[in-house]
Amino acid sequence: MMHISILVPESSVIQAIADPQYLFNTVNQFYAMSGKSPAFEVQLVGFNKEVRLNGGCYTVRCDRLTGETNKTDLIIIPALFGDMNYALAQNKDLIPWILHHYANGAEVASLCVGAFLLAATGLVKDKKCSTHWGFASELKEMYPEVNVVDGKIVTEENRIYSSGGASSYWNLLL
């Protein structure tokens with residue numbers, strides 16, 4: 001069974017958390033209907049047990065805290081929202097966790113503007129990375145060592161994946 005950790009960062013986009021959770025849990029439902037065991041263990045992982053998003057309109061309850069997650073095969077970094085410098089400052093404590101699990105064999109996938117948190121880890125230094133077209137220039141400016149690929153829906157390099165903006169992350173998830 002593949003262990004999937006969907007991060008729940010502060011200032012993230014709720015759809016970029018809910019959509020991957022829905023997709024992988026739906027695959028598990030189809031497996032169950034066929035009499036098969038689930039393919040994925042899907043968990044929402046955060047630095048805090050509850051994360052309030054969209055100005056407090058939504059509260060996401062994490063299944064596990066970062067310190068409670070021993071094994072993961074895939075980390076999904078959802079899109080961030082708002083001022084990227086502020087969002088990165090709020091989520092800097094997630095970076096060592098991402099790096100630890102990548103060093104232990106996990107793959108890492110950023111959705112849309114989650115590319116900023118991915119870039120902050122240093123994992124895409126001198127590597128290809130996609131993001132929302134409206135943020136590509138800002139990503140290039142903040143992280144000149146990252147090869148930001150404009151107009152590319154999905155990039156992959158050394159167990160690191162990234163997607164362009166909005167609904168193009170469905171291509172990466174599928």
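L173 sits in helix α6, which spans residues 169-173. The model is a predicted one. L173 counts as buried because its relative accessible area is 9%, and the cut-off for buried is under 20%. Which residues does L173 contact, leaving aside its neighbours within four places in sequence? They are P20, L23, F24, I76 and L111.

Now turn to the strands. Strand β1 covers residues 2-7 and runs parallel to strand β2, residues 40-46. Six bridges join β1 and β2. Within this pairing, I4 stands opposite V42. Between β1 and β2 the chain passes through helix α1, residues 15-33. This β-α-β crossover is right-handed.

Strand β1 also pairs with β6, residues 74-77. These two strands run parallel as well, joined by three bridges. Here S5 stands opposite I75.

Next come the backbone angles. Most residues other than glycine have a negative phi. D126 has a positive phi, near 60°, and is not a glycine. D126 lies in the loop between α4 (115-121) and β8 (128-129). Is D126 buried or exposed? D126 is exposed, because its relative accessible area is 59% and the cut-off for exposed is over 50%.

R159 is not a glycine either, and its phi is positive at about 70°. R159 belongs to the loop between β10 (154-157) and β11 (160-163). With a relative accessible area of 30%, R159 is partly exposed.

Methods: Residues numbered from 1 in each chain as written. Predicted model: local features only at pLDDT ≥ 70, side-chain atom pairs only at ≥ 80, totals over all residues. Heavy atoms only, no water. Pairing = 2+ DSSP bridges. Helix = DSSP H or I, 4+ residues; strand = E, 2+ residues; numbered from the N terminus. Right-handed = clockwise from strand over helix to strand, strands pointing away. Buried < 20%, exposed > 50% of the residue type's maximum accessible area, 1.4 Å probe, protein only. Contact = heavy atoms within 4.5 Å.
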